[in-house]
Amino acid sequence: METIGPLISTDTTPLYLQIQARLREAIVSKVFMPGMALPTERHLAEGFDVSRITVRKALEGLMLEGLVTRRRGSGTFVAHRLEKSFSALSSFSEDMISRGRRPESRWLSKTEGVVTPEEALALGLSPGAQVCRFQRLRIADGAVMALEYTTVPSFCLPSPGLVRESLYAALESTGHRPARALQRLRALALDARQAEKLGVAPGDPGLFIERRGFLADGRTCEINHSYYRCDAYDVVAEINQIGGV
């Protein structure tokens with residue numbers, strides 16, 4: 001508790017918010033490193049001289065911020081968070097390598113078939129066109145980060161068997177790597193199937209990212225739907241001034 005610091009008796013802020021602020025400061029300043037266990041609820045309650053209910057409320061606030069995760073039967077741990085920048089078009093593997101992390105893909109399926117009406121609309125394909133479909137888990141340093149669904153037209157990728165570790169590497173080898181993309185994201189509650197794959201509880205917060213990739217000539221070459229764990233992933237956008245008002 002010496003590393004966290006005491007509460008200020010003259011502070012009129014609710015106790016749980018004071019504790020939440022103390023713990024947040026300790027996490028941000030790396031007193032508690034990613035993956036490290038926080039003191040138990042009992043230890044925190046005794047150290048701050050408050051009830052365990054007050055401590056639990058503070059920890060729940062940190063969970064909503066995505067700073068900590070709770071493992072049943074093990075305790076509360078500082079979250080391993082990754083940042084995704086939207087300033088450049090890069091693959092998950094490239095992002096992880098640039099951050100010194102070890103990326104992996106656990107393939108759930110690689111198939112090919114006739115385009116669905118929804119896919120045809122998104123990809124600008126005619127009915128009956130062939131596509132390749134991929135489902136995989138995205139992993140960094142052994143921790144599951146995202147569940148990903150991708151559809152690629154067969155004119156870009158003749159066979160799903162061409163993809164080994166990296167889809168973008170396979171598209172680059174055929175000369176059809178995206179030159180630009182449009183991405184849309186929103187928060188959601190993960191359903192039972194998504195939660196099971198990501199190793200979290202149903203209803204936990206998730207981040208949905210939808211991406212459409214385009215070739216230099218304007219043709220759509222990829223649609224991607226990804227479901228990220230909110231306790232492990234941040235999105236960062238760099239904004240530059242483009243003019244005064």
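**Side-chain contacts in a predicted model**

Cys230 is partly exposed, with a relative accessible area of 23%; here buried means under 20% relative accessible area, exposed over 50%, and partly exposed in between (1.4 Å probe, protein chains only). The model is predicted: local features need pLDDT of at least 70, side-chain atom pairs count only at pLDDT 80 or more, and totals for chains, interfaces and linings use all residues. Residues are numbered from 1 along each chain as its sequence is written, and side-chain values use heavy atoms, with hydrogens and water left out.

**Cysteines**

- The structure holds zero disulfides, a disulfide being a pair of cysteine sulfur atoms within 2.5 Å.
- For Cys221, the closest cysteine sulfur is that of Cys156, at 5.2 Å, which is too far for a bond.
- Cys221 is buried, at 0% relative accessibility.

**Aromatic rings**

- Three aromatic pairs are found in a search of the whole structure. Rings of Phe, Tyr and Trp (its six-membered ring) pair if their centres lie within 6.5 Å; planes under 30 degrees apart count as stacked, over 60 as edge-to-face and the rest as tilted.
- Tyr149 and Tyr227 form an edge-to-face pair, because their ring centres are 6.2 Å apart and their planes stand at 90°.
- Tyr149 belongs to strand E6 (residues 143-153) and Tyr227 to strand E9 (residues 220-229), so this pair ties together parts that are 78 residues apart in sequence. Strands (E, at least two residues) and helices (H or I, at least four) are DSSP runs, numbered from the N terminus.
- Tyr149 is partly exposed at 24% relative accessibility, whereas Tyr227 is buried at 15%.
- Tyr149, Phe208 and Tyr227 are linked into a cluster by ring pairs.

**Charges over rings**

- The charged end of Lys57 sits over the ring of Tyr16, 4.3 Å from its centre. The criterion is NZ of Lys or CZ of Arg within 6 Å of the ring centre and within 35 degrees of the ring normal.
- Arg180 places its charged end over the ring of Phe214, 4.4 Å from the ring centre.

**Salt bridges**

- The structure holds 10 salt bridges, each a side-chain nitrogen of Lys or Arg within 4 Å of a carboxyl oxygen of Asp or Glu.
- Arg56 and Glu41 form one of them, with the closest N and O atoms 2.9 Å apart. Arg56 lies in helix H3 (residues 52-64) and Glu41 in helix H2 (residues 41-48), so the pair ties together parts that are 15 residues apart in sequence.
- Glu148 and Arg136 meet in a salt bridge at 2.8 Å, N to O, and both residues are buried.
- Glu172 and Arg177 meet at 3.6 Å, N to O; Glu172 is exposed at 52% and Arg177 partly exposed at 22%.
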